[in-house]
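Good morning, and thank you for coming. I would ask you to look at the structure with me while I go through a few of its residues and then the chain as a whole.

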Amino acid sequence: MISIRTLLEHPYNYTPTEYITILFLVLSSVSFALHTGQAVYFRTWWTIPTMVFAGLLEVLGWSARLWSSKSPSLLSPYEMQLTCTILAPTPLLAGNFIILGSMIQQLGAKYSRIPPWWYTIIFCSFDLTSLLAQAVGGGMATTAGGHVMLGGIAFQMATITVYILLASEFFVRYFNDEPLNRIQRSRCFFRLDEKYNPEESSVETAFNEAHRNDSGDRGAMDFKLEIMSAALLLSTICIFIRAVYRTIELTDGWSGKIISTQRYFNVLDGAMIIIAMYIMNIAHPALLLDTNLSEFADAIRYLGARIFQ
């Protein structure tokens, strides 16, 4: 069991290398600035609580590690970097869930086992649960806290696994043109009235329009969607690798070899998340998706409100 005395004397079991922390701080800051600028320029406000927030957490986390490189025995920067770097991938992953749902809507929801709306609702709900567990555990910085964080990350890894399986099935069915029939497909828990309602809100209209297209024609996989698909795949792989590393790291314990080896963290956590962030800077959904994700996000909120009425 980790002791308070051990944490106070040398929480990392090593001293973070200053030039490495500066490098990652610069890289994360640039990506964060780009995501913020892209959110404003393209008016993709849904990226603020996802990609932009992930970038902010990475900047804070690497700032704390830079602080620790000068004062390695201080507990405050250690706890700050631990919490921020643990949490950062979670909102980034939520962005991937939203993008996949939009792509399915564009390519043909009849190839998906669940409606595109539910990718966002179900997986973002799971993501939020994981985020809360990791936040609580990160704030404890004890053996019990490590167990809570481990549970949160393990849950996140399981969520990513299910997400990958469903996404893989969708793309296999799409490329083979093998749509699911009505019995095979999981439907929403309710259907909205498909008849035109002159009094419906713009958000209701957006939802109803997309819902009517759930079993629509097969969309074309153009060059932009090919790039978006590749970007989504690479980003998800990077986040999954990081989740596997963190799970093994926390299983090994606070004073284990893995958490005490700096290069493992730099490569399997820091580099993976930086790569995932820059992938979404380059292959930004505003540039590659035809679907209006602002309307998509509005309709998701409307659907959620209907569920909890």
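Ser 68 is located in helix α3, which covers residues 48-70; helices here are DSSP runs of H or I with at least four residues, strands are runs of E with at least two, and both are numbered from the N terminus. Please note that this is a predicted model, in which local features need pLDDT of at least 70 and side-chain atom pairs count only at pLDDT 80 or more, while totals for chains, interfaces and linings use all residues. Residues are numbered from 1 along each chain as its sequence is written, and side-chain values use heavy atoms, with hydrogens and water left out.

Is Ser 68 buried or exposed? Ser 68 counts as buried because its relative accessibility is 0%. The term buried means under 20% relative accessible area, exposed means over 50%, and partly exposed lies in between, with a 1.4 Å probe and protein chains only.

Which residues does Ser 68 touch, leaving aside its neighbours within four places in sequence? Ser 68 is in contact with Tyr 12, Thr 15, Pro 16, Pro 77 and Tyr 78, where contact means heavy atoms within 4.5 Å. With Tyr 12, the side chain of Ser 68 also makes a polar contact of 2.7 Å. A polar contact is a pair of N or O atoms within 3.5 Å; within protein, one must be able to donate a hydrogen and the other to accept it, and residues adjacent in sequence count only if both atoms are side-chain atoms.

Let us turn to two loop residues. Arg 43, in the loop between α2 and α3, has a positive phi of about 60° although it is not a glycine. Arg 43 counts as exposed because its relative accessible area is 55%. Asp 177 lies in the loop between α7 (143-176) and α8 (202-212), and its phi is also positive, near 55°. With a relative accessible area of 44%, Asp 177 is therefore partly exposed.

Next, helix α2 (residues 18-41) holds Val 30. Val 30 counts as partly exposed because its relative accessibility is 39%.

Finally, the whole chain. How many helices and strands does the chain have? There are 12 helices and zero strands. Of the 309 residues in the chain, 52% are buried. Among contacts with a separation of 6 or more, 83% come from residues 24 or more positions apart.
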